[in-house]
Structures are given as structure tokens and as C-alpha cells.
Amino acid sequence: MTVSRPIRVHVAPAAIRDNYRLVKRLAPAAKAWAVIKADAYGHGQWRAVAALRDEADGFAVLECENAVALRQGGVTQPILLLEGIFSPADVAAVVEHRLTTVVHCHEQLDWLLRGSRHDTPLSLCLKLNTGMNRLGFTAATLPLARELLRRMPQAEITLMTHFAEADGESGVDWQLERFRALAGDWRGPCSLANSAAILRHPQTHADWVRPGIMLYGASPFADQSAADFGLRPAMALDSQIIGVQEVAAGERVGYGGVFTAPRPMRIGIVACGYADGYPRQAPNGTPLAVAGRRTGTLGRVSMDMLACDLSDIPAAGIGAPVTLWGDGTGGSVPADEVAAAAGTIAYELFCAVAPRVPVVLGER
Ligand SMILES: *Cc1c(COP(=O)(O)O)cnc(C)c1O
């Protein structure tokens, strides 16, 4: 179905590929798991796979069924299950499709021990909890894990951990210290770095890095932009002006009348609302671009529409191109800036784009 309502999400596979290449330049000695969970952060898992099919060292997903679909879709690289298996029933697929699986608890090891055989190889990422306190083994639980692993000589093991604040003040060194203490005399492969660590903490690159958000051209940092690193936005959310109102000073705009015009204003109504995935909490002044000019939202975001200030863009009428974020037909607005204004992060904006928004492939 072609939809005449003008909102579109543009996805640029070439940008994903360029961003992956930047990962490889920054961490030249490491292999990279291209993290494509959450439908490639809203960009479409298969689009990301197509973009990286010839160059990704591996792909990382959450669901076992999804990993199997990737294998059946012809992906030959290693595929990592980032949270490991969720039930004993997953072991058969792990073995049959040579999936690499995280193990973060004794139960998972137990399921693998019962469901696999010494003569079939098994690739495991043993997850250490070094301070994130979400998943993984600690000094208290690691000895039993090692014990269980000794009964699986067929297992190739990578040691792994995840950083809680690679983007922030406390950094990674405190977790690195814990990682080294837990790893002891381990000489095998290690995987630690997410995008923030890849970009800011080269001492964490090790054998496998795990880039997610940077592949999609957004920054993991509040204080440094994606463009600063040479990352290219892979997503643009575009729409058009579908209504214009000239309002007098004192008129209020939208539900709840939370914006009052301080002077006569020209207001544009954009075909984009929270049911398209635009954040409802975005306040007055959240940036967007109309016909190549930056402006801001006005009033509350509705389900299907939002309002913006066209007072300084007199040429923009019905049909004028609008870019909500990314490098789009209406102009250029970093998703990170929209996210910051709305009190969230670009990760959430990308993942929230609704299925009703038609996708257009390629650069604008
Ligand atoms: C999602 C995820 C990543 C990617 O993180 P980004 O911040 O998007 O780079 C890396 N490792 C694990 C374990 C993850 O779950």
C-alpha cells in the first residue's frame, strides 16, 4: 500500500556501512559484532544485514528464533545471542545453527551441558558482572561456572562484560579492574566495548567490540555529537506541513493550551505525532527543520500531528518538507538533539518509530 499521508522514515544502508568501517578504523585489531537487536535499533534488521553482509565480522541479536532466521537468510558469520538462551529448548538451535551464546547464569550452563555433546563445537561468551549488576557471574558465582564449563570441553569461550558508564564520568577503569581480577590468568579472547567504549576508551577494545548506536549514526555521549566522530546518520524522519494557522497574540496552541503565542504567529501543522513514534514528552522548542530552516515545536504533541513555528519561514506552506530528525528532505537535525530536548536518547527515538510509518531506502 502506498500511503499518501506524507510521513516517511528514510534508512540509508550506506551510512550503516560507513559507520561500521569507522568502528574498524578505530579498533583495527578487534573483530566487531554488529549489534542489530531491536530490529537494528528501528532501522530494520534485514536492511542492516544487507548493508553489512560482506563486511561484518559477526551479528548480535537477542532472540534465538531471530538468529536462526539470519542463518536461514544466508548469514554465514558468527551470530551472537546477547542474553543467551531463555530455555532448554533453545539449545538445539544453538548447536544446529552454530550460534554463539552468552552464558550469564548457572541455569544456562546447565541447559547447555544437558543439551549438547562433546563432539559438537559450542561457542560461548561467558558474561562477567563487573558492576552493571544486570547479568553475569561475580566472584561468588564464577567458580561454579568454571566447574560446569570444565564438563564442556567442546566449548570455545570468550570472556565478556558490559560497561555501565562508558559514556560518563566514572568511565570504565573501575570495571576493567574488576574484569581483570575475575579473569585471573585467562589468556583467551575477551569482548568488552560498546559504542561509547569504542569511541572513548581504546584500552577496552580487546578481541571483539560490540558497536550498536554508532552504527546508526547517533552518539552515545551527551557532550559530544555524532558528527564530531565522523558518524553519518542512517535514519531521517521526514514529513510535510499539512496545515497553517495565523494566530493572534494570546492564542493558545494544541491540547491543554500549553503554548500561548506571545505575538502574532504563523504556525505549521506537521503530519507526525506520537503514534508515529515521535516523543510525546517533547516540549515547546524541540528542534525540527522545515524547508531547510531550523525551527521548534509548539505546544503538546498530538497522536497524529504536531505544531511548529513558521513565523520566520514565510515561504513554507502546505506541502513544505519537514525533517523531524536526521539528514532529511526538510533539512538536518541530529536525532541526539531532538532526544536531548525530549529528555531521552536517540536509541529510544529510533526504536520507537511506528510500523505505520512507511520506510524509504537510500539517501534522501
Ligand atoms: C545493546 C548492546 C551493545 C551495544 O550498545 P551501544 O551502546 O548501542 O553501542 C553492546 N553490548 C551489549 C551486551 C548490548 O546489549
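Modeller: Contact here means heavy atoms within 4.5 Å. This is a predicted model, where local features need pLDDT of at least 70, side-chain atom pairs count only at pLDDT 80 or more, and totals for chains, interfaces and linings use all residues. Residues are numbered from 1 along each chain as its sequence is written, and side-chain values use heavy atoms, with hydrogens and water left out.

Colleague: How many residues of domain 1 are in contact with domain 2?

Modeller: Domain bounds come from an automatic or database domain assignment. The chain is divided into domain 1 (13–218) and domain 2 (235–361). Their C-alpha centres lie 37 Å apart. On the domain 2 side, eight residues take part; on the domain 1 side, nine.

Colleague: Which residue has a backbone N or O atom 2.8 Å from an oxygen atom of the ligand?

Modeller: A polar contact is a pair of N or O atoms within 3.5 Å. The backbone case, at 2.8 Å, is Ile213.

Colleague: How many charged residues are in the shell around the ligand?

Modeller: Asp, Glu, Lys and Arg count as charged. The shell also has seven nonpolar and four polar residues. The charged count is two.

Terms used:
A polar contact is a pair of N or O atoms within 3.5 Å; within protein, one must be able to donate a hydrogen and the other to accept it, and residues adjacent in sequence count only if both atoms are side-chain atoms.
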